[in-house]
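User: Please take me through the labels attached to this model, setting each value against the definition behind it. I would like the cut-offs stated once, where they are needed.

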Amino acid sequence: MSSASPSRSAHFIRRMHRRVRTLAALGILTTALLAGLATALPFYHSARSSIEHIYQLSLEAHAESLHHQFRHYQEVTRQLAGRTEIRRRLEEYARGEISLETVSAYSTPRLADSMAQASQIAGLLRQGPGHETIARLGQVPPNPEPALASPEGYPCRFHQMPQGKVLIQGCAPILDASGAVIGRDLVFFHADALRELLSGRRRFGDDTPIRLRNLSSGQELMLDAGTLALTDIASPTAEDDITRVPLAADLGDHGWQLLVEVPTHHFHDEAIKLLAWPALAMLLLALGGTWIISRALHPLLIRVDQQTRQLERSREELLLAASVFRSAQEAIAITDPEHRIIDVNPAFTDHLGYSRQTLLGGPMSRLLAWQADSAERLQEGEKHLEQQDTWQGDVHYRRADGDTLVALQTISTVRSDSGKLLRYIHIFNDVTEQKAAEEAVRHQALHDKLTGLPNRTQLERHLQRALHQAGSTKGQLAVLFLDLDHFKEVNDTLGHQAGDLLLQSVTRRLKANLRSNDLLARLGGDEFVVAAAPLQDAESAIRVARKIIDALTTPFTIDGTEVTIGVSVGVALYPADGGSADDLLKAADAAMYRAKDAGRNTWRLYDRALDEALSGSAPR
């Protein structure tokens, strides 16, 4: 009996030791799990929110690209409707001075020549004041609907052609000198140009098609298996068991939307990828801590008290929080209330290239790559942070190697129970490549693809700024409208490729003969515009026109062939000839046609009195 009792006691003690170690291990694992969840869940939701925001920005960038493509179609439609000589014949027809056959015979070949210079046009339907057909060229749907067209020429609907192709319809009214509608142009563009813009494979995945919706016509266009598919909004769509998040972005305010339904697992998967390594590190630390505590409790079970166990658990929790800070893939910096750096994590030093010792104690402001508006944005951010305790936006940093890093940054405050400001937490992700891609898309939308020159949209923006500056300084500026002489003969004899090379050579020669602060833009075809400012007087504008004529009179060599062309230049001055960009362009265009009538390869100033006299003497 006496020998059995010690044996039973020893067995009991060993069993209690195992139970205590097991309970201690379970307590540590549970604490680590709860601490991990408390730390990981906010990071997960923040990462997912940031990913959804990036998806939305990508969709808005796609929508902006489509909007600029449609603006390009709008400008092409306006240019066709605004051809002066063809419009004058239509005015004569509207007044009953010539027959339908006469105006059709005059307009059809000239409109066909204009279509040949714009490869994106599939078809054209010109109608008279009573919707009668004046000219029908190329691919035209059987029953187009002009009533749905935008009065500004912005695309209004799609058409499914019998052969399966999809066309985009734009419509622009044709106005006479008094502003009355005397006809309209229905222009149909190939939708194939939208194929790349509707492809969301790179950003959204193969299972996430992008849909372009027209709210006015109730149509949707999407890329299905590499083919453009046109459906009605009310048509049923194939349903699956995947939960999706709908995102939408408007194309201006013309009733077009770009839609995408992103599977939620995209956001979940990307957020999990961001948190995988921190979670693994937390798990390893928890397992390691469990093993260490289990081994340490065996010889100390009797002597260890509650306070020691509490201190041990607190130490493990602090180590766990420090591990999360060190292992996070987002760049994190902790600063004092004056924004002096207290600590940074490895991701912060990796992104910017500075050592941790170099950063500690220094102000965050010395890391900024200062922009023109940095001081103003910094003041606004400080004010918002003081009021809301959080701020998010783009920040430009200067890396150690001199490069600029664009970061999507969130700043949060840490306060005591009494509300005293203790710390700032700075967290950012590197979005440099994304911002560069968005800037490239914006550049393409504002510049001519062949010559790299600003297009009409960029020209109008530049003229608005220049007119504002000239108005505030009482200065002058000139708009010179250039139309190349004999360019069509080059295209007809040497081919369109030679014509493109000639346009590029003309661009280089013009830029070499203009001042650095003058803007050269291409409107399309063989038409260029120069915005010259500032100017002292009209003679300064005339000198620019003569310099341009002299520069382009010198023969060009295109593929070994000497080519001689000329240029007709119309000059309009601000403020004498107009107070808006549109008025100056119209005046310069009218002056250019007078230069054409004067024998070409010359210049003419806009003469308002002559223009009004010619308009008043036109037959009615």
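This is a predicted model: local features need pLDDT of at least 70, side-chain atom pairs count only at pLDDT 80 or more; totals for chains, interfaces and linings use all residues.

User: Why does Asp 448 count as buried?

Analyst: Buried means under 20% relative accessible area, exposed means over 50%, and partly exposed lies in between, with a 1.4 Å probe and protein chains only. Asp 448 has 17% relative accessibility, and therefore counts as buried. Leaving aside residues up to four places away in sequence, Asp 448 touches Leu 453, Pro 454, Asn 455 and Arg 522, a contact being heavy atoms within 4.5 Å.

User: What makes His 447 buried or exposed?

Analyst: The relative accessible area of His 447 is 19%, so His 447 is buried. His 447 also belongs to the loop between H10 and H11, and its contacts, not counting residues up to four places away in sequence, are with Gly 452, Leu 453, Pro 454 and Asn 455. Arg 522, a contact of Asp 448, is 75 residues from His 447 in sequence, yet their C-alpha atoms are 8.6 Å apart.

User: Why is H11 called roughly perpendicular to H15?

Analyst: Helix H11 (residues 456-473) and helix H15 (residues 581-597) pack at an angle of about 110 degrees, their axes being 9 Å apart. That angle makes H11 roughly perpendicular to H15, because 65 to 115 degrees counts as roughly perpendicular, under 35 as roughly parallel, over 145 as roughly antiparallel and the rest as oblique. The axes are lines fitted to C-alpha atoms, for helices over the stretch in contact, and the angles run from 0 to 180 degrees between N-to-C directions.

User: Which residues make that contact, and how do they divide by class?

Analyst: H11 contributes Arg 456, Leu 459, Leu 463 and Leu 467, and H15 contributes Ala 581, Leu 584 and Leu 585. By class there are six nonpolar residues, no polar ones and one charged.

User: What makes Pro 575 exposed?

Analyst: Pro 575 has a relative accessible area of 52%, and therefore counts as exposed. Not counting residues up to four places away in sequence, Pro 575 touches Gly 475 and Gln 476, and its C-alpha atom is 9.1 Å from that of Lys 474, 101 residues away along the chain. A cis peptide bond also joins Ala 533 and Pro 534, with omega about -5 degrees, and Pro 534 is in strand E18 (residues 527-535).

User: Why do Arg 600 and Asn 601 count as partly exposed?

Analyst: Arg 600 has 39% relative accessibility and Asn 601 a relative accessible area of 31%, so each counts as partly exposed. Phi is near 70 degrees in Arg 600 and near 55 degrees in Asn 601, each a positive value in a residue other than glycine.

User: What makes a set of residues a nonpolar core, and how many residues has the largest one?

Analyst: A nonpolar core is a set of buried Ala, Val, Leu, Ile, Met, Phe, Trp, Tyr and Cys residues joined through side-chain atoms within 4.5 Å. The largest core here has 47 residues, with Leu 194 and Leu 212 having the most contacts inside it, and its largest share, 11 residues, comes from helix H1 (residues 4-81). Apart from that core lies another of 34 residues, among them Leu 503, Leu 514, Leu 552 and Phe 556. Over the protein, 42% of the 620 residues count as buried.

How values were computed: Residues are numbered from 1 along each chain as its sequence is written. Side-chain values use heavy atoms; hydrogens and water are left out. Helices (H or I, at least four residues) and strands (E, at least two) are DSSP runs, numbered from the N terminus. Ala, Val, Leu, Ile, Met, Phe, Trp, Tyr, Cys and Pro count as nonpolar, Asp, Glu, Lys and Arg as charged, and the others, Gly among them, as polar.
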